[in-house]
Every structure is written in structure tokens, then in C-alpha cells.
Amino acid sequence: MIKNSSRGILRGTLIYVFTTFFFLGQTSGQASQKTLVRGKVMDSLSSSSLGLASVRIFNSQDKKLANGNLTTEAGDFSIELPPGTYYAEIEYMGYKSHRSSSFNLTREKSVYDLGNIRLVISANTLDEVVVQAEKSSMELTLDKKIFNVGKDLANAGGSASDILTNIPSVTVDPEGNVRLRGSDNVRILIDGKPSGLVSIKGGSGLQQLQANMIERVEIITNPSARYEAEGMAGIINIILKKDKKEGFNGSVELVTGYPTNLGAAANFNYRHKKINFFINYGIAYRRQPGKGTLYQELYDVDTTFILKQNNKGRQIGFNNNIRGGMDYYLTDKDVFTASYLYRRSKGKRITDIHYEDYLFNTSMLAGITKRRQDEDETEPNSEYSLNYKKSFTRKGHELIAEIKYIDYWENSDQLFTQYFFQPNGMEDASKAVLQRSLNDEFEKQWLFQVDYMKPIGEEGKFETGLRSSFRNMVNDYVVSRKDNLGIYVPLPGLDNIFVYDENIHAAYGILGNKSKKISYQAGLRAEWTDVKTTLKETNQVNPRNYVNLFPSAHFTFSLPKENALQLSYSRRVRRPFYNDLSPFVTYSDSRNFFSGNPDLEPEFSNSIELGHLKSFEKGSLTASIYYRSTKGKIDRIRTVNAEGNSVTRTENLLTEKAFGTEFTSGYSVFAWWKLDFNLNFFYADVDGSNIVANYKTTTYTWFARQTSRFMFPKNFDVQLRGNYEAPQKTVQGRRKALYYADFSMSKDVFKGKGTMNFNVLDVFNTRKMRTITNGSNFYTDANFQNRRRQINLTLSYRIRQAKQAAKALKPGMSEEG
């Protein structure tokens, strides 16, 4: 079945590629018989280029569309036409549309230049509220997808993790792990740089960042050499809010919800002449209940041991986030920015685990164990940033320098109580256990970066840059057990200090140009990596030093009728994360442990992607075909010992070869009804035979997301979203299907200065992580739901800030002028 499905995808892919290049050949064959109109689209005030603006050419007599295209990143366009009389219409989100006067194209006058077309921002002032065209929730380009998260009603009152859940190409499992196109090897950045929010906890750390502080999210699936090489599947870049409007403006937000979700957020900005101040603050208190079940069979020579496990718990979090800074304009061309981010989280986690042990079958109860985890956690995190930007006379000629420092600390104090009961319900006090786990984690990181960009000729550009990061992480960990004298004694192998030192230095260069309808860019990035891990108590040192080259290339073909095609390639790396390497096991569950692997090696991948973008009057469509070849794939492998205790540990598998196709579309059915759709098919061949001979699998899966937004009179909106992730095979079993639905609605209040939002996330309470895992001596079926259905009510109020009108869009366009 899988092989037939993969062959069907391959046939569809070949048809897609053949049709596209046949169309290219037909276009080039007719070019000599046609005439040409060209021009450049720019902002009327700043003269900055407007890339991906829509240019449509109409016949002056019958008013029918003759041809069209999108402008390049430099704002240029050239469109082929047969001789005749025409006029042009140019559109760009947030700007007034422009219609040119009629012009003639003849064989004698085969080229007509419309010159510089300056678009005027569409804005009116009313009661100190700026009313603009609605910013598209989804802006599609070939190498980057931009999602303006404020327009998604389901994001109100949530966290950064909730935002990623609602973004095409991205999936977030119930445990907070983030995947991009089916791969968990994704680099998450905050404002284009690493952040302490995700350094130790990975994607799950984003649950502590409030959604109100986020402006947009950028998805880059095949990054250029400008970006660090980390992240096999690509980069997720989260951009925080910062305004630059003159005077004072801002917004405040209040949140309440069930299960308990209480919060407030404020974003303020003040600009006067050369100085711009900005500050964001968010506070949140949440109680998240969770539950789970696990069924396991362990096979001995002549006995089958059965475990039935039930987990029930709640996580309480109190988070504070504050970010402030200042832009100082030394001149119109020189800007100095200083910013500071502080986050402090206090958490408490209580989990009750009920174990039932059986022999041979579930009618022969051998004993019952009850265990409670009581954890107190504190996480203060600081980030300091200094940035300088120099803009030269020519547009696009820039020098940017930045220094960043991250200071992170986490303290975890856990108390475990465990009691054993006979099958008849009588407690065996001699088996009672009282344990304590103390864990202190520290991270300090310095980042230095310089980037230089210079235009070459009319269409070319050159970029180069240097980057150095120095990172030190320490984990002081001990698990102890209370003895008969009341003294806590460390358990063997669970008392050590793990030190992770990482220094990475990089240099890159990019050269790009355009020749007629083809834009091309090639880059090379070199990275020097020096990593050393140390276990201090046992004096185990593991140094690694390696130098790698990471080439990249992007080719863009402009086609008629507002079509564009891009072919891209990049080499990427996944260095083992901190949690991948740390050998300390989690101890909250006395039967199931998770551990890192200090001997883990980096994995390398080569990625090729072919993308097609079509923009039309009521929407846009992107289609992509991608292939990744990975060596040394990092994955988690589960083993079960003779006592029935499992250890899940990170390991390097041999290879993974992944192939997929993705479709993302936005379409305005009517002025009041807008559809967004994302569909991703994924096929992978994984070889883990270096771990166990039969750890090989081919997996085929897909996931889909569809959003409908209805915009009714009097600024009343309703949004519905459905999500489905198909089952997927792993080297040790399979992950079952995951599906859920969200409902949201909003209404403007306070004469348009405020908005009331109501949403229900996971309406039917179906978002559960369900897995089956097999080994040589065990079978495990797990079902966990760490986040239940969430209901939120949010009230936001804008102070002299842009209010977006309900208006149908062309989702392929951007107002980032």
C-alpha cells in the first residue's frame, strides 16, 4: 500500500515538473514574436522597492486581462505582450492601486517603459485610529512564508506554542515538540537570533511566551548561506512586536479562560524625532491538567509481565515577560538599537501515577504501586542586545552589526513519594520510597555578528558576514533516597555535573543577479565547531572539533500570468542539542526514563526544493516538492530491561531519505469568506540497522489544515479550523493519527478601538499523543494528553494604533512596504 502510494506521488511529481518546464519552453519559444512592457514599483515616500507587487496588463478595448506578473525583490517587472493598446494596474497590500494611462506596443516600438511607479499608502485618520487595508494573515513568497499572527482569531489568549500549532507546514505535538514538514530538526529563532527561551527546553519553552508579544512568524524551508546552518528541516523565525510610528501608541490585553488561564499584556511605543522607545510586558497564570495511559507487555523466557499505568496531573505556571529597548537615529542612515528581555517563570507540577502489575494476563494482579511527583521550578532568563545599522546612499547597501548576551538559569526541586500495595489492597510499608531530585541548569552565551550587503550593477547583489558564538551550559544534578535514618543518600550514577562548552565561528558569502526572467543566487557558508562535554564527578571528557562547508543555491524563474518558479538547494546540520547529550535521566516516572547520549554525533542533510507560486485575483497558491537526504539521523530509541523499566535514549541512526510535496493556498471565496488551506504529503525511508538489525522502515504520512474565516457586518468575525495528522511509522512502531478542531469569534467594541475575542481550542478534546512501540522483548501502547480543551475570552484595546479593517485580500501580497 505504501509503495503504491509513493509511486502515485512520484508520478504526480513528474507530471508537475514536466508540465512546468514545458510551459517554460513554450514561453521562451514565443518570446521573439512579442513586445515588452517594463517598470519598477516603489513606495512614494521612502522610494523603497516593493517586491512581489501584482502587475496586471489589460487590453484597452475589451478590458480583458492580457498578461501579468509579480515584481522581483527589487520591485522590477517585465511582461511580454503581443502588439496592441494596453493599460496596467498595479496593486500592493496597504497601498492604493495604480492604473496607468494607455500605451501602444508595436513591432517598431517593441519596448515600453512605465518608469518608476510610486504607490501611495492607503490610510485615513479617524478618531486617532488609523484605518488601513487588512494585513494578510498569510504572505507567500517562494523561499519564505510570513504569517501575521494577529489576524488568526485562535491565537488570542494563547502562547507562542499555540501560534505555531496554527501555522501551515508546522505541527506541535501535545508535549510541545515542534516539527516542520514532519521533521523535529528545526531551528527556532527569536528576532532572527538564538534565544534562551528555546535553548534548553526546545520548542516546549515557547509555552512560556505570550502570543500577544508576537508580531509575525517566518517559515524558511531552504535557508540561504546568510542563516546559520543549524536546522535540517529549516528555520522558524518568531518576530516580536516593535513599532516605529511617531508619537505614542500601544495596546493592552486582558485574558481569562478555562482551565485557568489568566493574563494581561501591554505593548507601548513612543517615538519623538531621533529616539524611539518600545516596551512589551506580559503576565500569565495557567493551570493545565493532563492525563495518560500506558499498556506494556514484557516477554521473558517463560513469563509475560504486564503493566497498566495511569497518569493524572496538573501543571501550574506563573510567567512574567518584559522586553524593552530604544532605537536612536544618529542620522537618517545610522540607527543604533539597544534592547533587553527578561523572563521569569515559576512553575509547580503535581503528577500522580498508578501502576498495576500482572502476570501472564490482566486477571492475575501481582501488585499495585502509587507514585507522586511534586515539583517546584524557577526559571529566570535575561537577554541583552546591541545593534547598529548603517544604510548607504544606494538602496540595499547596508552594514549591520550585533552583540547579544544570554543568561539563563533553571532550578528544579522534585519530591517523589511511592507506596506499594498487595493484590488484596494491603500496603507493604517496607517498600515505601521517598526520593528527592535537585537539578540546577545554567546557560551563558555570547553572540557576535556582522553582515554586509552591497548591490552590484542594476540587479545584482553581494552579501558577506561573520558570526561567532560562545556558549557554556552546566547541569548540576543529583537524585537521592531517604534511608532508615532519615538521611538522603545519592543514588548510584545519579550524582554528577554535566558541562557543555560550544564555540562556533562562521563566515559566508552570497552572490546574486538577474538575467531577463531568471534570478539566481549562490552562497557558501563555512562553520568551525568546537564542542566539549564533561562529566566532572567521573572525569569523562568528550571533545569534538570539525570544519564544514554549507553551500546553497536559489534560482527563480518569472513566468507569465503572475506565476513564478523557484529551485533551491542547501546543506544543513543538526548538532546534538543540550538535552540530546545530557546523560541524566528523568526520574518522575519510576518505570519509564528518558536520557541523552554524550557520544551523539551531528547529523548532516542535503535538501532540494522546487516551488511554484501562482497569484490570482482572489488568492494565491504555492506548491512545493522537496527531498532530504540525511546521514547520522538523531532519533529516540526505547529499550526495556528485565525488570520492566524502559529507557528512551537519543541515538544516531544510519540514514533517512525523505521526499514530500506541499500545497499552501489562500482564497477569498467572497468578500466575507476567506479560506486558507495547507496539505503536506511526506514519505521517508529510515535505516537504523546500526542499532538493531531490523530497525528499518519506510513511512508514508500526510497532514492537512483548513481554516475558514467569515467576516460579517459590524466587524463581527467567525473562524473555524480543522487539523488532521495521519498515522506514521517509526523504526520501532508507529504514531497513531492526531486530529482536532478550533472555533473562534471576535467583535470590535469601544467604537473600533477594542476587540473582544472568544475561542475554543480542541473543541472535541481529541488532541492526544498515541503511539505503539515494539522491541525484541516488549510491546507498548501509550496514550497521553498533556493539554486539554481550552476556552479563552480576550479583550484588547488599542491606543492610537492601527486598526485593521475587515476586507478581502490577495493572500500572496504583502504590505511590508
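1. F268 is partly exposed in this predicted model, with a relative accessibility of 28%. F248 is likewise partly exposed, at 37% relative accessible area. The rings of F248 and F268 form a stacked aromatic pair, 5.7 Å centre to centre, with 20 degrees between the planes. Because F248 belongs to strand β18 (residues 247–258) and F268 to strand β19 (residues 261–272), the pair ties together parts that are 20 residues apart in sequence.

2. The whole structure contains 21 aromatic pairs. Another of them joins Y86 and F103 in a tilted arrangement, with 6.3 Å between centres and 40 degrees between planes. Y86 sits in strand β5 (residues 84–91) and F103 in strand β7 (residues 103–105), so distant parts of the chain, 17 residues apart, are linked. Y86 is buried, at 4% relative accessibility, and F103 is buried too, at 2% relative accessible area.3.

3. Salt bridges number 33 across the whole structure. In one of them, the side chains of K40 and D76 meet at 3.6 Å, N to O. K40 is in strand β1 (residues 35–43) and D76 in strand β4 (residues 76–81), and the pair links distant parts of the chain, 36 residues apart. D76 counts as buried, with 14% relative accessibility.

4. D352 and R372 form a salt bridge with an N to O distance of 2.7 Å. The two residues lie in strand β22 (residues 334–359) and strand β23 (residues 365–391) respectively, so the bridge ties together parts that are 20 residues apart in sequence. D352 is partly exposed at 31% relative accessibility, and R372 is partly exposed at 35% relative accessible area.

5. Strand β23 also holds E383, whose partner K404 lies in strand β24 (residues 398–421); the pair therefore ties together parts that are 21 residues apart in sequence. Are E383 and K404 buried or exposed? Both are buried.

6. Which residues are linked in a network of salt bridges? E230, R525, E527 and R575 are linked in this way.

7. Two contacts place a charge over a ring. K370 lies over the face of F421, 5.2 Å from the ring centre. The charged end of R767 sits over the ring of Y740, at 5.0 Å from its centre.

Note on methods
Residues numbered from 1 in each chain as written. Predicted model: local features only at pLDDT ≥ 70, side-chain atom pairs only at ≥ 80, totals over all residues. Heavy atoms only, no water. Salt bridge = Lys/Arg side-chain N within 4 Å of Asp/Glu carboxyl O. Helix = DSSP H or I, 4+ residues; strand = E, 2+ residues; numbered from the N terminus. Buried < 20%, exposed > 50% of the residue type's maximum accessible area, 1.4 Å probe, protein only. Phe/Tyr/Trp six-rings, centres within 6.5 Å; stacked < 30°, edge-to-face > 60°. Lys NZ or Arg CZ within 6 Å of the ring centre and 35° of its normal.
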